[in-house]
Amino acid sequence: MIPYLHCMLVVAAATTLPPRVLPVIQTIEGGAVGVVHQNENGTQDLGVMQVNTIWVPALAARSGFSEAETRTRLIEDPCFNIAAAALILRGYLEETHDSLLPAIGDYYSHTPALNGAYAALAQDTARRLFAAK
């Protein structure tokens with residue numbers, strides 16, 4: 001079962017993302033409510049969609065919450081976290097002129113090899129998640 005699927009579908013519709021993309025990213029990221037992952041570069045990945053802390057200032061400005069409140073919501077509120085991930089992905093889709101796989105890769109890294117590997121993993125994950133049974 002895909003956690004928070006209803007929220008993902010509502011957010012995907014609101015941000016005009018393909019409905020399967022958020023469940024795929026969440027499956028890859030493996031996040032959950034309360035999860036904080038420390039990265040080697042000093043940043044952290046937060047919550048359900050593992051939103052990187054580099055995004056906290058921009059998300060705080062957009063949401064009207066303080067940076068501390070934004071961080072807390074990213075960790076503790078799954079739908080807030082999913083919406084933040086969708087906004088990030090929507091921005092990457094605009095950067096890539098609606099090229100989905102490079103945008104999904106950008107969610108992980110702009111480094112070409114890492115981007116390509118993540119995009120390939122997303123394709124494999126989508127096949128596995130949404131295969132006809």
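Here are some notes on this predicted model, point by point.

1. Ground rules. This is a predicted model, so local features need pLDDT of at least 70 and side-chain atom pairs count only at pLDDT 80 or more, while totals for chains, interfaces and linings use all residues. Residues are numbered from 1 along each chain as its sequence is written, and side-chain values use heavy atoms, with hydrogens and water left out.

2. The disulfide. Searching the whole structure turns up 1 disulfide, meaning a pair of cysteine sulfur atoms within 2.5 Å. Cys7 and Cys79 are the partners, with an S to S distance of 2.3 Å. They tie together distant parts of the chain, 72 residues apart: Cys7 sits in helix H1 (residues 5–14) and Cys79 in helix H5 (residues 78–95). Helices here are DSSP runs of H or I with at least four residues, strands are runs of E with at least two, and both are numbered from the N terminus. Cys7 is buried at 10% relative accessibility, whereas Cys79 is partly exposed at 35%. For those words, buried is under 20% relative accessible area, exposed is over 50%, and partly exposed is in between (1.4 Å probe, protein chains only).

3. Helix H5. This helix has 18 residues and spans 26 Å from its first C-alpha to its last, close to the 26 Å expected at 1.5 Å a residue; the expected span is 1.5 Å times one less than the number of residues. Its buried residues include Phe80, Ile82, Ile88, Leu89 and Leu93, and also Asn81 and Arg90. At the N-terminal end, Asp77 provides the cap, with a side-chain oxygen 3.1 Å from the backbone nitrogen of Cys79. After H5 comes His97, with a positive phi near 55°.

4. The largest pocket. Its volume is about 450 Å³, that is, the space filled by probe spheres set on grid points joined across faces, edges and corners. A pocket is an open set of points on a 1 Å grid over the protein atoms alone, where a 1.4 Å probe fits and protein lies on both sides within 12 Å along at least five of seven lines; lining residues have an atom within 4 Å of a point. The lining has 19 residues, and Asn39, Asp45, Asn52, Tyr107 and Tyr108 lie nearest the centre. Strand S3 (51–52), H5 and helix H6 (100–108) each supply at least two lining residues, and H6 gives the most, with 3. By type, the lining splits into 8 nonpolar, 8 polar and 3 charged (nonpolar: Ala, Val, Leu, Ile, Met, Phe, Trp, Tyr, Cys and Pro; charged: Asp, Glu, Lys and Arg; polar: the others, Gly among them).

5. Positive phi values. Most residues other than glycine have a negative phi. Thr16, in the loop between H1 and helix H2 (21–29), has a positive phi near 50° and is exposed at 59%. Gln50, in the loop between strand S2 (44–46) and S3, has a positive phi of about 55° but is buried at 8%.

Key
A polar contact is a pair of N or O atoms within 3.5 Å; within protein, one must be able to donate a hydrogen and the other to accept it, and residues adjacent in sequence count only if both atoms are side-chain atoms.
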